[in-house]
Amino acid sequence: MNALRKHTVTKKPGAWKNRLACLAAIIMAAAAVGCSKPETKTAEAGLPPVKKIPAGAKFSGFMKDYDALKPNPDVEGEMLTYVSADAKKNLRSYFAIVVDPIEVYVATDADEKKVNEDSRKALTSYFQHALAGAVSDAFPIVEKPGPLTLRLRVALVGVDVGGQVAAADIPADAKPLQNSLNIGKLGVEMELVDSETGERIAAAVDRANLGEGAEIGAVNITRAEKFRAAREAFDEWASRLRAFLDSAHELKGEDIERADKSYKPY
């Protein structure tokens, strides 16, 4: 059967760590058990509601289980990952992917009611596009779940709500947000599940310290130099996801034999 096609990410000198000198991936060590249910607001335009990280939690609660996540030497940075050890539930078994709308979790002390539809669009649209570009040549993107189809679930975690953005930072043809979004300590949680059964196939979490002043203040972040840090962070996470998919796809030894024997496309 066909293997995943390798994805080569062209990095500029000093990409990621040098490009953002203050960037250091800080992954908190354990999931909080028995956390209170995140607060939510009414979903807009059929999208998942904006949620709040429960007080005292070390992860958002977006995924049911964080205990199996481990450091991955095959992925740049300090991303924690998980891949199913079951040869029948390996990435090699899948041929398409559904990319869910990106969910948003605000910081515990932030007001999620201030993250309206425009704010959500500003935060997620660019990243959604970057993720789709990173995975589409490995797994064709489809609209609906089905056999041999993965579902990619993604959450942006730790968004804070700031004040008004200076008019000088917003291009004349861009729509400003009512409140800026502070992404200085933004995290990402990603999970690949079987689109029919919901069984988890792979997962990853990462966090970036983008530093003071990393914010989004307009609906289209591609138009403003002010929001370059956000674009670079989203691009890097998308490329890391693809690197993770490639590394997870590479079976060795007995795993290859077991996966080949269990492979039944029809």
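Biologist: Why is tyrosine 66 called buried?

Modeller: Tyrosine 66 has a relative accessible area of 7%, and buried means under 20%, so the word applies. Bear in mind that this is a predicted model.

Biologist: What about phenylalanine 59, buried or exposed?

Modeller: Buried, because its relative accessible area is 11% and the cut-off is under 20%.

Biologist: What makes the rings of phenylalanine 59 and tyrosine 66 a stacked pair?

Modeller: Two values are needed. The ring centres are 4.4 Å apart, and the limit for a pair is within 6.5 Å.

Biologist: Why are phenylalanine 62 and tyrosine 105 called edge-to-face?

Modeller: Their centres lie 6.3 Å apart, which is within 6.5 Å, so they pair. Their planes are at 80 degrees, and over 60 counts as edge-to-face. Phenylalanine 62 sits in the loop between S1 and S2 and tyrosine 105 in strand S5, so the pair ties together parts that are 43 residues apart in sequence. Both phenylalanine 62 and tyrosine 105 are buried.

Biologist: How many aromatic pairs does the structure hold?

Modeller: Four. Ring pairs also link Phe127, Phe234 and Trp237 into a cluster.

Biologist: Which residues touch the most other members of the largest nonpolar core?

Modeller: That core has 59 residues, and the ones touching the most other members are Leu123, Phe127, Leu156, Ile216, Phe234 and Trp237. Its largest share, nine residues, is supplied by helix H2 (residues 228-249). A separate core has 13 residues, among them Ala57, Phe59, Ala155 and Val157. In soluble globular proteins, nonpolar side chains tend to be buried together.

Biologist: What does phenylalanine 234 contact, leaving aside its neighbours within four places in sequence?

Modeller: Phenylalanine 234 is in contact with Leu123, Tyr126, Phe127, Ala130, Leu156, Leu186 and Ile221 on that basis.

Biologist: Now the charged side chains. What makes lysine 52 and glutamate 112 a salt bridge?

Modeller: Their closest N and O atoms are 3.5 Å apart. The rule asks for within 4 Å, so the pair qualifies. Lysine 52 belongs to strand S1 (residues 51-52) and glutamate 112 to the loop between strand S5 (103-106) and helix H1 (117-135), so the bridge ties together parts that are 60 residues apart in sequence.

Biologist: How do you know that lysine 52 is buried?

Modeller: Its relative accessible area is 14%, and the word covers values under 20%. Glutamate 112, at 2%, is buried too.

Biologist: What makes arginine 153 and glutamate 191 a salt bridge?

Modeller: A closest N and O distance of 2.5 Å, against a limit of within 4 Å. Arginine 153 lies in strand S6 and glutamate 191 in strand S8 (residues 187-194), so parts 38 residues apart in sequence are tied together. Salt bridges that share partners join Asp65, Arg153, Glu191 and Arg200 into one network. Counted by this rule, there are ten salt bridges.

Biologist: Why is the contact between asparagine 72 and threonine 81 called polar?

Modeller: The two side chains come to 3.0 Å, and the limit for N or O atoms is within 3.5 Å. Asparagine 72 lies in the loop between strand S2 (70-71) and strand S3 (80-83). Asparagine 72 is buried because its relative accessible area is 12%, under the 20% cut-off.

Biologist: Last, how do you know that valine 159 is buried?

Modeller: Valine 159 has a relative accessible area of 0%, and the cut-off is under 20%. Valine 159 is placed in strand S6. From alanine 107 it is 52 residues away in sequence and 5.6 Å in space, C-alpha to C-alpha.

Definitions and conventions:
Residues are numbered from 1 along each chain as its sequence is written. This is a predicted model: local features need pLDDT of at least 70, side-chain atom pairs count only at pLDDT 80 or more; totals for chains, interfaces and linings use all residues. Side-chain values use heavy atoms; hydrogens and water are left out. Helices (H or I, at least four residues) and strands (E, at least two) are DSSP runs, numbered from the N terminus. Buried means under 20% relative accessible area, exposed over 50%, partly exposed in between (1.4 Å probe, protein chains only). A polar contact is a pair of N or O atoms within 3.5 Å; within protein, one must be able to donate a hydrogen and the other to accept it, and residues adjacent in sequence count only if both atoms are side-chain atoms. A nonpolar core is a set of buried Ala, Val, Leu, Ile, Met, Phe, Trp, Tyr and Cys residues joined through side-chain atoms within 4.5 Å. Contact means heavy atoms within 4.5 Å. Rings of Phe, Tyr and Trp (its six-membered ring) pair if their centres lie within 6.5 Å; planes under 30 degrees apart count as stacked, over 60 as edge-to-face and the rest as tilted.
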